[in-house]
Each structure stands twice: as C-alpha cells, then as structure tokens.
Amino acid sequence: MAQILITGVSSGIGHALAAEYLSRGASVYGTSRRTPDDLTPNSAFRFVPLDLTEFDQVGAGFDTLLDGVARLDLVILNAGILGPFGDLAEQSLDDMKHVLDVNVWANKVVLDAVYRQVDEVRQVVTISSGAAVNGHRGWGGYALSKAALNMLTMLYAAEQPDTHFCALAPGVVETSMQDYLNGLPEDERYPSLDSLRSKRDTSEMPSPAELAPRLVDAISQLPERIRSGQFADIRKPPLAGATA
C-alpha cells in the first residue's frame, strides 16, 4: 500500500488528489487548516489540522501526523495561496511576505519536519505554476513565490539524493483562485487574465476532480521523465501527451 503525504487537502487540487489516491488504495496523510469531512471517515486517511505558517507548531503537528511512519512513497506539497493580483508597485511588502511564507517557507519547514520523522522518502512533488517562469504582468508575489519554490525544490534535490524531487505545474485548474481572477475588472495591462477567461468552462480549465487522475499518472512518471530537482509542466513535453 502506497503511503502518501499531501498538504492542503481541504479543497482544490489537494483535496482531489487525496480522494484519488484513496480510491486507488493508498494510505494518505493529510493536513490543512480546515478538516475535509468527506475524507476523514476513510480509515486509510489520517489527518491533523495545521496552519503551516505557524512555523513553531509544524514540527509537533507532523510528529503526530507521521507517528509510526517509516516510509513515504510520495510527498505532495500542494498548500498555497495567490495573494493580491496587480503591479508590484501596488503590492505591499507585508502582502508579498505572507505569500512567500505560505508558498515557500512553509514548505521548507514541512520538508525539514518530514525528514526528521521519516527514514525513507522516495518522491517529493511541489505544486508550482507556469507563473514561476513566464513573467506575465500582474502575478507579483505569487510568481516570485513559485519561482523561489522551484529553486527550493532544486536545492533539496541536491541535499537529498535518495529522493526524487520535481516542481510540477498542473496547468490551469477551476478553483477558487479562478473565481477571484475572473472577477477582476478587465484591464489591458493584464492580457493573461483574458487568456484565463477564454479557458473557463472549457476542457482547458478542468475541475480538480477532472484533473486528479491525469495528475496522479503524471506524478508516477516523473522519476522516469524528469531529472530530480527540475521544473515540469503537465501541459508541455516530456509530460504532454504522455498522460492523456
């Protein structure tokens, strides 16, 4: 039975992945601020509520979550936030620091806690974004945080050679983030928003539940297709077409 740790399991991609892995017979260890009530009745699901930005509490929380666990086949660091959208000059340092806390530093704290607790970690996937590399105007602290997450992934890959690491962009997904972005006023400064609006209610913007099986299949292929520590996008080679 595969043993899988997922952060951010209360909604969105994290919730859909937890449900998908459970349906495939895995044991899932999950954490998020809110409890996923539909998952907790499953005996293969162990859950501890945590706010990952309360850094001094993460270690104790993972000691409880991973008590007795000697091996993790997969760790998916999914928890993250968008933060404010707009030009950097319009965004406060406090807002951007909070995005970095959630999207970068919380993942460092989690990884350190996992490696202190678990003897063997076979694979780590950090959920990244195309925003980490494309530099589209308006993505501000989110883009900065995902670019930093990519490098965090690469650095841990160098430090933990027995674990396969990948920063994986899952593509455009119909989540609450899209509700916020699509609700923003039209602004010619941000053509990427027009692109998102055109994808809504199409196959180019699947729901988390629709995406999850394909994402699980892609994750299983990463050790064969991606050098440890690298960034990959599910929509692009070498993953594109391999998981359809």
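Student: Why is Glu120 called partly exposed?
Tutor: Glu120 has a relative accessible area of 35%. Buried means under 20% relative accessible area, exposed over 50%, and partly exposed in between (1.4 Å probe, protein chains only), so Glu120 counts as partly exposed.

Student: On what kind of model do such values rest?
Tutor: The model is predicted, so local features need pLDDT of at least 70, side-chain atom pairs count only at pLDDT 80 or more, and totals for chains, interfaces and linings use all residues. Residues are numbered from 1 along each chain as its sequence is written, and side-chain values use heavy atoms, with hydrogens and water left out.

Student: What makes the contact of Glu120 and Arg122 a salt bridge?
Tutor: The term requires a side-chain nitrogen of Lys or Arg within 4 Å of a carboxyl oxygen of Asp or Glu. The side chains of Glu120 and Arg122 meet at 2.9 Å, N to O, so the pair is a salt bridge. Arg122 is partly exposed, at 42% relative accessibility. The structure holds 14 salt bridges.

Student: How do you know whether Asp233 is buried or exposed?
Tutor: Asp233 has 6% relative accessibility and therefore counts as buried. Its salt-bridge partner is Arg235, at 2.8 Å, N to O, and Arg235 is partly exposed with a relative accessible area of 39%.

Student: Why does the salt bridge of Arg137 and Asp87 tie together parts that are apart in sequence?
Tutor: These two side chains meet at 2.7 Å, N to O. Arg137 lies in the loop between α4 (131–134) and α5 (140–159), and Asp87 in the loop between β5 and α3 (93–117), so the pair joins parts 50 residues apart in sequence. Helices (H or I, at least four residues) and strands (E, at least two) are DSSP runs, numbered from the N terminus. Arg137 is partly exposed at 44% relative accessibility, whereas Asp87 is buried at 16%. Both belong to a network of salt bridges that also links Glu90, Asp187 and Arg189.

Student: What makes a set of residues a nonpolar core?
Tutor: The members must be buried Ala, Val, Leu, Ile, Met, Phe, Trp, Tyr and Cys residues joined through side-chain atoms within 4.5 Å. The largest such core has 32 residues, of which Ile6, Leu17, Tyr21, Leu168 and Ile219 touch the most other members. Among the elements supplying at least two residues each are β1 (3–7) and α8 (208–225), and α8 gives the most, with 7 residues.
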